[in-house]
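Hi,

Here is the structure I promised to send over.

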Amino acid sequence: MTARCLAIVMVAIMAFGSIGCSGAQVQPTDPQRDPWEAYNRKVHAFNMGVDRYLMKPVAKGYDTVMPDAPQRGVRNFFRNLSYPVTFLNLLLQGKPEAAMDATGRFLVNTTLGLGGFFDVASKGGLPRFDEDMGQTLAVWGWTESRYLVMPFIGPYTVRDLLGRSFYGYFHPISYMVREYDAYYLIAIDLVTLRAELLSFDIQIQNASDPYVLVRDVYLQNREFKIYDGEPPAPDYDALLEDF
Amino acid sequence: MNKLLITLLSTALSASLLANPGPDNREPAVIVEETTTALLDELDSRRAEFTENPALLREMVNRDMLRLIDTDYSARLILGRAGRGMETEKMDDFASAMSDHLLSRYADGLLSFEADTRPEVLPLRGNNSEKLTRVRTRFKLDDGGFVPVDFAFRKTEQGWKAFDVTIEGISYVLTYRNQISPLVAKDGIEKVTADIRAGNLLLED
């Protein structure tokens with residue numbers, strides 16, 4: 001059902017996009033990492049529309065009604081739920097010790113943190129791990145991947161989208177959706193995540209090219225996560241050679 | 001008469017000495033640690049005053065930090081091809097507009113930063129050379145998480161100077177470059193510099 005809806009929307013975007021934008025040539029800004037820029041920009045515009053009329057108003061309402069502390073609690077809860085994905089990928093990346101630490105975190109937060117609402121582990125000095133299948137594929141050698149903007153769910157690379165469809169299977173939320181049709185969990189996750197990002201809106205709105213800003217932030221932050229916070233420095237000399 | 005001359009001369013001399021204090025021999029990590037600690041100490045003790053008058057804090061940040069930044073190099077990295085063959089004057093003007101903008105945003109950010117923790121300077125990692133190095137730091141948040149902030153430094157005749165800052169992996173130079181160089185190619189450097197000064201181009205956090 002959902003897959004079919006998504007397919008219809010995709011077709012609609014392609015059709016609408018090609019009619020609406022025919023004749024308007026976009027100068028490619030990063031042909032190497034973003035060869036599908038023309039398509040991506042259309043989906044980006046569609047997502048911005050969905051955001052403007054649906055996601056953002058709901059997230060703003062939630063942000064107004066809900067005080068900061070419980071908001072943080074809900075985010076902690078969802079983050080704690082991604083433990084099975086984190087654990088599996090730490091193992092796949094050959095980091096068994098970190099996988100044990102992640103397990104410790106999960107147990108502490110699930111019990112002392114009352115089901116994950118309180119991140120007591122971080123306060124106690126147990127670091128938070130952020131791993132997924134896309135990062136694992138990168139560690140395994142798939143370092144370069146094309147940028148791809150998806151309807152509704154936003155920026156990805158081909159690698160990370162593929163990774164998501166793998167690891168999604170192990171995520172407790174997708175299990176709940178599969179077994180109990182608990183779609184409301186996805187809705188809550190998305191709205192609360194969007195609320196967390198409200199403070200970035202002003203930068204995106206004010207950017208001279210919001211599409212490029214979102215792409216830059218996504219790709220750079222992804223690289224940062226793949227290298228566990230220690231990516232190689234940009235090649236500044238190459239930037240100057242261009243000069 | 002002689003006395004007056006000497007006084008005048010010595011004032012002029014000390015003024016020029018103050019303006020050019022000579023090369024800064026400190027290591028990049030020390031520069032980051034000392035500068036941020038001094039700034040945050042000052043901020044803590046005069047928070048009420050600064051909250052009332054944010055311009056005062058911007059002035060202070062500008063005074064203490066501008067000489068630690070290689071504004072010219074940053075500007076050249078940001079402009080890339082768009083800056084090719086550009087007159088020095090226009091380039092300097094652009095460089096100073098960028099650093100003013102960045103530093104005042106930084107000052108405003110500091111003011112909203114309530115936690116009384118100091119950034120932690122992490123050990124050196126990755127590729128570092130005699131000419132180029134990165135100082136890795138992290139700020140602890142209230143909820144126990146960290147925000148990693150890295151500073152890229154290069155050796156100049158006046159000592160080590162910072163030219164890029166990276167927050168959670170997002171580089172100031174790279175991100176601005178992709179926004180600004182197409183604009184410069186389209187509208188020209190004068191308009192872009194004026195827009196930055198007018199606050200019409202806000203990008204980073």
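How much space lies in the largest cavity? About 40 Å³.

Before the rest, some housekeeping. This is a predicted model, where local features need pLDDT of at least 70 and side-chain atom pairs count only at pLDDT 80 or more, while totals for chains, interfaces and linings use all residues. Residues are numbered from 1 along each chain as its sequence is written, chains are lettered from A and ligands numbered from 1 in the order in which they are written, and side-chain values use heavy atoms, with hydrogens and water left out.

**Cavity and pocket**

Searching the whole structure turns up 1 cavity of 30 Å³ or more. (On a 1 Å grid over the protein atoms alone, a cavity is a set of points where a 1.4 Å probe fits but cannot get out; a pocket is an open set with protein on both sides within 12 Å along at least five of seven lines; lining residues have an atom within 4 Å of a point. Grid points are joined across faces, edges and corners, and a volume is the space filled by probe spheres set on the points.)

The lining of the largest cavity has A:F224, A:G229 and A:P231 from chain A, and B:R134, B:P148, B:V149, B:D150, B:T166, B:I167, B:E168 and B:G169 from chain B. Two elements give two or more residues to that lining: β3 (146-156) and β4 (159-167) of chain B. (Helices, H or I with at least four residues, and strands, E with at least two, are DSSP runs numbered from the N terminus.) β3(B) has the largest share, 3 residues. By class, the lining has 5 nonpolar, 3 polar and 3 charged residues. (Ala, Val, Leu, Ile, Met, Phe, Trp, Tyr, Cys and Pro count as nonpolar, Asp, Glu, Lys and Arg as charged, and the others, Gly among them, as polar.)

The second largest pocket has a volume of about 1,600 Å³. It is lined by 50 residues, and A:D30, A:R33, A:D216, B:L174 and B:N178 lie nearest its centre. The lining gets at least two residues each from α12 (210-226) and α13 (236-241) of chain A and α7 (172-187) of chain B.

**Helix packing**

Two of those helices also meet each other: the axes of α12(A) and α7(B) come within 10 Å and cross at roughly 155°. (Axes are lines fitted to C-alpha atoms, for helices over the stretch in contact, and angles run from 0 to 180 degrees between N-to-C directions.) So α12(A) is roughly antiparallel to α7(B). (Angles under 35 degrees count as roughly parallel, over 145 as roughly antiparallel, 65 to 115 as roughly perpendicular and the rest as oblique.) The contact, meaning heavy atoms within 4.5 Å, is made by A:V212, A:L213, A:D216 and A:Q220 on one side and B:L174, B:T175, B:N178 and B:Q179 on the other.

Within chain B, α6 (residues 88-112) packs against α8 (residues 189-198) at about 20°, with axes 9 Å apart. That makes α6(B) roughly parallel to α8(B). This contact has 6 nonpolar, 3 polar and 5 charged residues.

Helix α4 (residues 54-65) of chain B crosses α6(B) at roughly 120°, their axes coming within 9 Å. That makes the pair oblique. Among the residues making the contact are B:L57 and B:V61 of α4(B) and B:L103 and B:A107 of α6(B).

Cheers
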